[in-house]
Amino acid sequence: SDGVLLRGGSLIPAARRAFRKLLDRNNNFLFPVVFVTNAGSCQRHHKAQQLSHLLDVQQVVLSHSPLRMLKSFHDKCVLVSGQGPLTDIANSLGFQKVVNVEQLREHHPLLDMVEHGTRPKPPPIRWETNLQLLIDVLLTNGSPAGMHALAASQLPVLACNIDLTWMAEAPSPRFGHGMFLLCLESVYRKLTGRELQYEALLGKPSLLTYRYAERQLRLQNHGRKLSTVYAIGDNLMTDIYGANLYDRYLSQQHAAMTTTTKLVAQGTGSQVTMTVPEEEELVSAAAQCRSILVCTGVYNPSDGNTAVSESVFHGHRDLVLDLELVEPHHVVEDVEEAVDLLLQRENLTSDL
């Protein structure tokens with residue numbers, strides 16, 4: 001939502017005008033609409049309420065929403081790192097045995113040596129604490145009270161949101177969770193000489209996130225097939241890359257050329273193995289996905305494609321630099337112009 005509908009907590013004026021064009025006279029959407037965001041520090045219904053305060057929003061897909069489908073992990077003890085009500089979020093996604101970084105630090109107080117003189121009242125958890133304790137867990141194979149000793153196999157890591165930057169009220173982009181992952185990867189490699197491996201990367205541009213979003217659209221559409229999905233975003237490396245990867249997947253799926261797992265390896269790097277969800281209803285039915293880039297967020301047309309060149313690549317380590325995947329089907333000024341475009345392409349007009 002940030003950069004497309006919002007800048008920080010403020011609504012982009014074009015967003016409200018865009019919504020009016022998507023609603024009929026009874027304030028119902030003309031067609032299924034899902035809001036896919038890499039935000040993850042809140043519950044899905046809270047994000048919907050936040051957006052509904054500004055706009056009438058029902059369906060929201062957060063970066064961690066697809067974790068509901070990775071049921072093989074739900075009965076395992078998981079350590080969660082991030083911001084917001086993490087334990088409640090993890091429980092709502094199906095995880096039954098959840099430990100957060102603060103609980104881990106309280107249980108092993110000698111592990112966190114970052115802040116000085118703050119034993120009685122520890123400060124809010126910051127990146128350095130999360131880095132230290134996650135590394136402790138990884139290098140002790142899940143027994144952080146013990147000494148570091150690299151195991152033959154690494155504990156599985158599921159990462160939600162690989163946005164390097166995001167757009168808030170500041171004039172320039174701010175660090176995103178992808179920056180934290182970059183730090184974690186660098187520390188792990190420096191200490192071990194090995195590359196950190198991910199079991200899955202979720203959130204945009206993960207293929208699983210777009211498949212999950214389409215599933216939500218089909219549920220809104222009473223199970224009827226969707227012909228075209230339009231993905232509107234402000235970030236070339238997440239929104240556009242993901243939508244185009246999904247479009248490629250749809251075309252290959254309809255041509256029966258490849259399996260889901262093989263395609264994800266092609267799109268997001270050979271190091272990433274996609275955990276295939278257990279739910280059969282995730283089989284995609286749409287024919288195509290059109291990517292629409294807006295200029296109200298991370299993407300600034302005056303900068304050109306500086307984030308996706310050979311010399312400066314802002315994508316995650318495990319994303320393949322495929323310039324076709326960062327070429328939007330359409331570039332528009334804002335979300336209102338994007339809605340005008342898709343309504344025109346679909347020969348749809350609001351009753352208002």
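**Figure 1. Confidence along the predicted chain.** The chain has a mean pLDDT of 82, and 77% of its residues reach 70 or more. The model is predicted. Over residues 257-275 the pLDDT stays under 50. For this stretch the model has 44 contacts beyond four places in sequence.

**Figure 2. The open sheet of β11, β12 and β13.** Three strands form an open sheet in the order β11-β12-β13, and their pairing is parallel. The edges are taken by β11 (228-233) and β13 (330-332); each has a single partner strand, so one side of each is left without a neighbour in the sheet. On average, neighbouring strands of this sheet are turned by 25 degrees against each other, direction ignored. In general, strands of a sheet pair through backbone hydrogen bonds, either parallel or antiparallel.

**Figure 3. The pairing of β12 with β13.** Strand β12 covers residues 288-294 and pairs with β13 in the parallel sense over 3 bridges. Val294 has Val332 in β13 as its bridge partner.

**Figure 4. Thr296 in the loop between β12 and β13.** The loop between these two strands contains Thr296. Thr296 has a relative accessible area of 16%, and because the cut-off for buried is under 20%, Thr296 counts as buried. Leaving aside residues up to four places away in sequence, Thr296 touches Gly3, Val4, Arg7 and Ile12, and also Glu333 and Asp334.

**Figure 5. The buried face of helix α1.** Helix α1 spans residues 13-22, and its buried residues include Ala14, Ala15, Ala18, Phe19 and Leu22. Seen down the axis of α1, the buried residues fall within an arc of 140 degrees, so they line one face of the helix. Among the elements that cover these residues are the strands β2 (10-11) and β3 (35-36), together with helix α10 (335-345).

**Figure 6. Helix α1 against helix α10.** Two packed helices are described by the angle between their axes and the distance between the axes. For α1 and α10, the axes come within 7 Å and cross at roughly 20 degrees. Angles under 35 degrees count as roughly parallel, and α1 and α10 are therefore roughly parallel to each other. On the α1 side, the residues that meet α10 are Ala14, Ala15, Arg17, Ala18, Lys21 and Leu22. On the α10 side, Val335, Glu336, Val339, Asp340 and Leu343 take part. Ala14, Ala15, Ala18 and Leu22 are also among the buried residues of α1.

Key. Residues are numbered from 1 along each chain as its sequence is written. This is a predicted model: local features need pLDDT of at least 70, side-chain atom pairs count only at pLDDT 80 or more; totals for chains, interfaces and linings use all residues. Side-chain values use heavy atoms; hydrogens and water are left out. pLDDT is the predictor's confidence in each residue, from 0 to 100. Contact means heavy atoms within 4.5 Å. Two strands pair if DSSP finds at least two bridges between them. Helices (H or I, at least four residues) and strands (E, at least two) are DSSP runs, numbered from the N terminus. Axes are lines fitted to C-alpha atoms, for helices over the stretch in contact, and angles run from 0 to 180 degrees between N-to-C directions. Buried means under 20% relative accessible area, exposed over 50%, partly exposed in between (1.4 Å probe, protein chains only). The arc is that of the directions from the helix axis to the C-beta atoms. Angles under 35 degrees count as roughly parallel, over 145 as roughly antiparallel, 65 to 115 as roughly perpendicular and the rest as oblique.
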